[in-house]
Amino acid sequence: MRSTRLLVLALAAGLLPACSGSDNTDFTLVPGTDGGDALSPEAGKDADAAGIVDGDAAKPDVKTDADAGKEASSEAGDTGTDSPLPEAGQDAESGVDADAGQEAEAGNDAPDDSSVEACVPTGVELCDGVDNDCNGAIDDLAPQACYSGPNGTDGVGPCKAGTRSCSGGSWGACSGEVLPAAETCDGVDNDCSGQVDDGIAAQACYTGPNGTDGVGVCHGGTQSCTGGGWGACTGQVVPSAETCNGADDDCNGQADENNPGGGVFCGTGISVGECTAKSMCINGQLQCLGTFVAPPPTGSPNNTGASNSPLSTLSAAQAHAIAIGGGADVCACSPTASTTSWSEDVTMVEGVSMLGGYHCTDWARAISTYVTRIQDTAVTGVKFPAGITSATALDGFTVRGMQVNTGTSAAITITQSSPSLLTLTVNGGLATTSYGLDMTGPGSPILQNGSYSAAAAANGTQVAIRVNNASPTLTSVTMTNAPSSGGVPPSVSVGLRCTDCANLKMNGGGAQGGQAANTVAGMWLSGNVAGVVVTGPANISGGQALSGGANNGARGGWLDNCTGLATFTGASFMGGAGQNGFRIGFDITGPTCSSAVTGGTIRGCESGSVCVGAESVGSPLTLSAVNPITGVMTSASLGTVGVRCLQNGCTTIDTSAISSGALVAATGQRGIGVEVSGANPTFDRNTIQGPSCQGAIAATELYGVFIKGSAPTFTNNVVRDGACSGPEEGIRYEKGSLLPIVVDPVVVNNTIEYGCNTCGARRGIVIVSPGVSAASGFFNNNIIRNLNSASLGSSWPGYEVDANSAPKTFLNNDLFDPAAAALYQLGGTTGLTTIGQVNAQVNGAAGNIAGDPQLNGTWHIPVTSPCRNAGTANHAPSVDRDNDARPQEVLFDIGADEYHP
């Protein structure tokens, strides 16, 4: 209690301020109060509980509670009078023990003057949140050194101590120290062991390009830490230039690619085009490979294939060419001027061509002399699989198909590819169905020069070239099937059979069907033929059908119910020969099948039973400048027609020379230049010749033009008769009894001539009406003349066969026949002998004349012709035979020619 007593004495002496019974707010002593100074807060004092009392200017602050500034609570029953002096450590205000928070005993209240417990130093300052040295600052300690690493490592290598500071009554973390770390290859003692870069194991390494490690010969190595860095990578293998060693030196996944070290000419060094011998890297070794082939003993499978060391098989040379690459070809030779044959199954490879026809000694080429032949051992023959292009050629060989007797055989088969076939002689093998070349598309093969044929067994089918869904180009290619050597012939024989061959091109050459029992055709097209173009000189001929029957015969060109437009320019068509079946030079059928023929010739036959030059059944057909178009050419037939347009067939036939041809002596034969039945084409500027006859013929149909139940247009044509003893007519019009409406043909500005002195009756324009009574047809501006004044026995420029045969118009015609029985036969009974009677009595007649037209040898009228300015504009064409405009003068002229002043 000693400390208490000392405190009481201090208070009594007025040395310390008294404390009230309230909280620990700072106060000052106020003089003049009874019993002691009253307590009043001093202005500017800190009233918080921080433990420090602010003094005024005259008095220093005094530290209050000794227990770190904690405030004692008031004791219950405090009278407000000064308490006795507290014991040391007790709160002078309330008698509560300040160091433990205990409440002071009753009656121990301090005097009214406040007081703060004095700081008692306890020793050196510690980091404990207490002002141990009572200097007024808590934990005022300097930072101290620290190190948390293993003993013995401080100061070794980069390791060093750090410092730490006292904060909030405790020492903080050690800052700035460097501790041991894992050793790395950097020239530093990272683990502070006293040794630099110690204990670092060697590591894997690889410096080659990404993706090559572990590929081919390439692999990684190792490197060690030396002098603070990783040393060189030892033991690795990185990519290097490829060499011929069987290894993948450049580590790209391929060994010996691109023929390393090869490509050098070897052997004799002779190359023939792309046929060559070069060193090649094969199985890790350089070898000499060549592509020359010769028959044994010159050729051998053990040879290199160089020109002086040829192989003995085409397949071996082909394999060498594939290995050499770069478009290497195969060359085959014959040792003598004879045929050398290879019996192999050959399949072509893209980029490798095969060339034949060489001489084995000097490798000079003469295809027709040094014959090299492929006798293929498969029924598909030499094969061009899908993907072959025109860069791959079969050139200069003779190719034979396999003989199988039954089934199908082809000498060459092309499937969905476009190779080049150059100067080949191709013979299909004997089979039920035999093809020289069998082509299936899509594809656009190129065929140049050469010949193709097939040879079917009895009752079979032979086709020199068959095209299905492909578009080849044929230049100077001949397709000819030889006739059977005996026994039963094939049933069908075709030169070129084309189905869906749109855009086929043929220039020159020819296609001949050959000989068969039933169907023969030079060129038979069906399906899509849009864009088919044939240009001359191309000879297209049917051949000979050996059996009779309505469906048996021979055709030159046959477009059979096709679609699209096929054009022919300068081509020559021939139906065939023989006495059986029909012969048609150019035959087209079907409403969607269209064709245009320009130039060239069309002949039905040389001789035969029924021959037709060109026939269109329901198809749009244009014939222009074809000379001639004839039913029969040099001999005679039992029936012949130059052009037939049936069932809406034909569109325009112009500037062509059309003739029937000759008939042999027989009964009831037909000879017609142009026949139109149920069709409405236009014939303009043609020369149309009626039939001639060999011997006396009691024929019933001998016409230059025969129109039946149709409304064609005939303008600017010259129609002439032929030399037949029977009656012959220039233009015959049968109105037709089956049509529901009356049709009107237009026969205007034509020149119709007859002039046979020893022949039978002649008629210019004939109209017949089997059951149709209405007037029909426009017959205007025509010249109808007898070429000489001799009597023909009987002749009529105009003739109505019956009472219903009246024309709709008969205007401005020139009826010149001084020897005529009558100028016009009216109703089949009345002969009109004067032109006045004609103009007065014929239905629709007016302006007709009967004067010499004065035509020259080319059917032109002179200035003095009565036909000049004597025509009518009624249905007159806009141009004349020379393509001069009509009229040239004031009025139209009569006849095919318009006078040109």
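Hi everyone. Let me begin with a word we'll need: a residue counts as buried when its relative accessible area is under 20%. Keep in mind that what you see here is a predicted model.

So, is Thr 640 buried or exposed? Its relative accessible area is 2%, so Thr 640 is buried. You'll find Thr 640 in strand β43, which covers residues 636-646. Leaving out residues up to four places away in sequence, Thr 640 touches several others, among them Cys 611, Val 632, Ser 660 and Arg 670.

Now let's look at the rings. How many aromatic pairs does a search of the whole structure find? The search finds 11. In one of them, Phe 292 and Trp 363 have ring centres 4.8 Å apart and planes at 65°, so this pair is edge-to-face. Phe 292 belongs to strand β13, while Trp 363 sits in the loop between β16 and β17, so the pair ties together parts that are 71 residues apart in sequence. Phe 292 is buried, at 0% relative accessible area, and Trp 363 is buried too, at 6%. Together with Tyr 358, these two form a cluster linked by ring pairs.

Finally, two charges over rings. The charged end of Arg 497 sits over the ring of Trp 524, 4.0 Å from its centre. For Arg 555, the charged end sits over the ring of Trp 558, at 3.6 Å from the centre.

Definitions and conventions:
Residues numbered from 1 in each chain as written. Predicted model: local features only at pLDDT ≥ 70, side-chain atom pairs only at ≥ 80, totals over all residues. Heavy atoms only, no water. Helix = DSSP H or I, 4+ residues; strand = E, 2+ residues; numbered from the N terminus. Buried < 20%, exposed > 50% of the residue type's maximum accessible area, 1.4 Å probe, protein only. Contact = heavy atoms within 4.5 Å. Phe/Tyr/Trp six-rings, centres within 6.5 Å; stacked < 30°, edge-to-face > 60°. Lys NZ or Arg CZ within 6 Å of the ring centre and 35° of its normal.
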